Amino acid sequence: MTALNKTYAYRRFEELCKERNVLPYQVSVGTDGKISTANLSQWKKGLYNLKLDKLQIIADYFGVSVTEFIEH
């Protein structure tokens with residue numbers, strides 16, 4: 001099994017999911033499918049990086065600033 005190359009943004013996404021007790025699937029549904037489960041899966045594996053507009057949708061879903069996903 002290979003290690004996943006998770007970006008800072010994805011790790012923060014995982015933290016928010018855990019804090020809010022939601023699954024990535026629920027985020028996809030809660031964003032009216034604007035963030036697909038396939039995108040989330042590829043993002044998790046490090047095969048895809050979400051663009052700023054998609055990160056903004058996720059930030060809006062969680063009620064946080066998009067800067068939450070930018071490494072400081």
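The following conversation walks a new reader through a predicted model, one question at a time.

Biologist: How many aromatic pairs does a search of the whole structure find?

Modeller: A pair of aromatic rings is described by the distance of the centres and the angle of the planes. When the whole structure is searched for such pairs, the count comes to five.

Biologist: Are the rings of Tyr-10 and Phe-13 stacked, edge-to-face or tilted?

Modeller: Tyr-10 and Phe-13 both belong to helix α1, which covers residues 8-20, and they lie three residues apart, about one turn of the helix. An α-helix has 3.6 residues a turn, so residues three or four places apart point the same way. The ring centres of Tyr-10 and Phe-13 are 5.4 Å apart and their planes stand at 45 degrees, so the pair is tilted.

Biologist: Are Tyr-10 and Phe-13 buried or exposed?

Modeller: For Phe-13 the relative accessibility is 0%, and residues under 20% count as buried. Taking Tyr-10 and Phe-13 together, both residues are buried.

Biologist: How many residues apart in sequence are the parts that the pair of Phe-13 and Trp-43 ties together?

Modeller: The rings of Phe-13 and Trp-43 have centres 5.4 Å apart and planes at 45 degrees, so this pair is tilted. Because Phe-13 lies in helix α1 and Trp-43 in helix α3 (residues 37-44), the pair ties together parts of the chain whose separation in sequence is 30 residues.

Biologist: Which residues form one aromatic cluster?

Modeller: Trp-43, with a relative accessibility of 1%, counts as buried, and Phe-62, at 6%, counts as buried as well. These two residues belong to one aromatic cluster, whose members are Tyr-10, Phe-13, Trp-43, Tyr-61 and Phe-62.

Biologist: Which residues does Phe-62 touch, not counting residues up to four places away in sequence?

Modeller: Phe-62 is found in helix α4, which runs over residues 52-62, and its C-alpha atom is separated by 18 Å from that of Thr-7, 55 residues apart along the chain. Leaving out residues up to four places away in sequence, the residues that Phe-62 touches are Phe-13, Leu-16, Cys-17, Arg-20, Val-22 and Val-27.

Biologist: Against which helices do the buried residues of α4 pack?

Modeller: In α4 the buried residues are listed as Leu-55, Ile-58, Ala-59 and Phe-62. Seen down the axis of α4, the buried residues fall within an arc of 100 degrees, so they line one face of the helix, while Asp-53 and Asp-60 are exposed on the other side. The helices against which the buried residues of α4 pack are α1, α2 and α3.

Biologist: What do the helices that cover the buried residues of α3 include?

Modeller: The buried residues of α3 are Asn-39, Leu-40 and Trp-43. Around the axis they cover an arc of only 100 degrees, which puts them on the same side of α3. What covers these buried residues includes α1, α2 and α4.

Biologist: Which residue takes a positive phi just after α3?

Modeller: Just after α4, a positive phi of about 70 degrees is found at Gly-63. Just after α3, a positive phi of about 80 degrees is taken by Gly-46.

Biologist: Which residues are linked in a network of salt bridges?

Modeller: The count of salt bridges comes to four; among them, Arg-12 forms one with Glu-15, the closest N and O atoms being 3.0 Å apart, and another with Glu-19 at 3.4 Å. Glu-19 also meets Arg-20 in a salt bridge of 3.6 Å, N to O. The residues linked in the network are Arg-12, Glu-15, Glu-19, Arg-20 and Glu-68.

Biologist: Is Arg-12 buried or exposed?

Modeller: Glu-15 is partly exposed, with a relative accessible area of 42%, and Glu-19 is exposed, with a relative accessible area of 53%. Arg-12 has a relative accessibility of 13%, which lies under the 20% cut-off, so Arg-12 counts as buried.

Biologist: Which residues make the nonpolar surface patch?

Modeller: Val-29 has its place in helix α2, residues 24-30, and because its relative accessibility is 47%, Val-29 counts as partly exposed. The nonpolar surface patch, of about 340 Å², is made by Leu-23, Tyr-25 and Val-29.

Definitions and conventions. Residues numbered from 1 in each chain as written. Predicted model: local features only at pLDDT ≥ 70, side-chain atom pairs only at ≥ 80, totals over all residues. Heavy atoms only, no water. Patch = residues over 30% accessible without salt bridge, like charges linked within 9 Å, V, L, I, M, F, W, Y side chains within 5 Å. Areas by Shrake-Rupley, 256 points an atom, 1.4 Å probe, with all protein chains shown as cover. Salt bridge = Lys/Arg side-chain N within 4 Å of Asp/Glu carboxyl O. Helix = DSSP H or I, 4+ residues; strand = E, 2+ residues; numbered from the N terminus. Buried < 20%, exposed > 50% of the residue type's maximum accessible area, 1.4 Å probe, protein only. Phe/Tyr/Trp six-rings, centres within 6.5 Å; stacked < 30°, edge-to-face > 60°. Contact = heavy atoms within 4.5 Å. Arc of directions from axis to C-beta.
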